Amino acid sequence: MPVTVRPAAPEDAALILSFVRDLAEYEKLLHEVEATQAHIEAALFCDAPKAFCDIALIDGEPVGLALWFYNYSTFVGRHGIYLEDLFVRPAARGAGAGKALLAGLARRCVAENLGRLEWAVLDWNAPSIAFYDSLGAAAMDEWTVRRMTGDALAKLAQA
């Protein structure tokens, strides 16, 4: 089954949201999803998007996505890509869709002289970790992700 990857189009907004919800369910985080189709449309398909999405297809059928944005490394002195979400439907796993999505982002990094491609993975997600390791991705164990939302974010904004 040949895998193809294409940029997402505005008519993919509902599909993208469906993939995001499927990923959140897999990660046991569905209760945290606030995104709507309107949010996806506004973020990815506006005049100057700050986030982007690629869709993987097998035999013309959408099976997964990579949702990403550019970041910047002050240490490297170049932009990079941060992969926010990588998801492949369970029935399509092992067919090369995840690798095709990541390879497409790697090609973009090389073509645009970007410094790196990075993402986070839940520490209990052994199948994904093994997959990433098989591709040569390095774990950044010395780093801890920090996040600020809601009241904490609003309080700091008032400081």
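**Surface and charge**

I began with the surface: the chain exposes about 10400 Å², and carbon and sulfur atoms supply 56% of it. Accessible areas here come from the Shrake-Rupley method with a 1.4 Å probe, and for residues only the protein chains shown count as cover. I kept in mind that this is a predicted model, where local features need pLDDT of at least 70 and side-chain atom pairs count only at pLDDT 80 or more, while totals for chains, interfaces and linings use all residues. I also noted that residues are numbered from 1 along each chain as its sequence is written, and that side-chain values use heavy atoms, with hydrogens and water left out.

Next I looked up the charges. The chain has 14 positive and 21 negative side chains, with Lys and Arg taken as positive, Asp and Glu as negative, and His and the chain ends not counted. The centres of the two sets lie 4 Å apart, each charge being placed at NZ of Lys, CZ of Arg, CG of Asp or CD of Glu.

**Overall fold**

I then followed the chain from end to end. It holds 5 helices and 5 strands; these are DSSP runs numbered from the N terminus, helices being H or I of at least four residues and strands E of at least two. From the N terminus on, I read the order as β-α-α-β-β-β-α-β-α-α. The radius of gyration is 16 Å, close to the 15 Å that the globule rule gives for 159 residues, so the chain is as compact as a globular protein of that length. That radius is taken over C-alpha atoms, and the rule is 2.2 Å times the number of residues to the power 0.38.

Along the principal axes, the C-alpha atoms fill a box of roughly 55 × 35 × 35 Å. Buried residues make up 30% of the 159; buried means under 20% relative accessible area, exposed over 50%, and partly exposed in between, with a 1.4 Å probe and protein chains only. Of the contacts with a separation of 6 or more, 56% are between residues 24 or more positions apart, a contact being heavy atoms within 4.5 Å.

**Helix 1 and what follows it**

Does the length of helix 1 agree or disagree with what its residue count predicts? At 1.5 Å a residue, the 14 residues of helix 1 (residues 13-26) should span 20 Å, and the end C-alpha atoms are 20 Å apart, which agrees. The expected span is 1.5 Å times one less than the number of residues.

I listed the buried residues of helix 1: Ala-13, Leu-15, Ile-16, Leu-17, Phe-19, Val-20, Leu-23 and Ala-24. Their cover includes helix 2 (37-44), strand 2 (52-58), strand 3 and strand 4 (78-88).

After helix 1 comes Lys-28, in the loop between helix 1 and helix 2. Lys-28 has a positive phi of about 60° although it is not a glycine. At 58% relative accessibility, Lys-28 counts as exposed.

Asp-59 sits in the loop between strand 2 and strand 3, and is exposed at 57% relative accessible area.

Cys-46 lies in the loop between helix 2 and strand 2 and is partly exposed at 35%. I checked Cys-46 against Pro-10, 36 residues apart along the chain, and found their C-alpha atoms separated by 9.3 Å.

**Strand 3**

What does Pro-62 touch beyond its neighbours within four places in sequence? I found Leu-15, Phe-19, Ile-55, Ala-56, Leu-57 and Arg-89. Pro-62 is in strand 3 and counts as buried at 15% relative accessibility.

Ser-73 is in strand 3 too (residues 61-73), buried at 5%. Not counting residues up to four places away, Ser-73 touches Arg-78 and Arg-116.

**Helix 3**

My last stop was helix 3 (residues 97-111), whose 15 residues reach 21 Å from first C-alpha to last, close to the 21 Å expected. The buried residues of helix 3 are Ala-97, Gly-98, Ala-100, Leu-101, Leu-102, Leu-105 and Cys-109. What covers them includes strand 1 (3-7), strand 5 (117-119) and helix 4 (126-134). Just after helix 3, Asn-113 takes a positive phi of about 55°.
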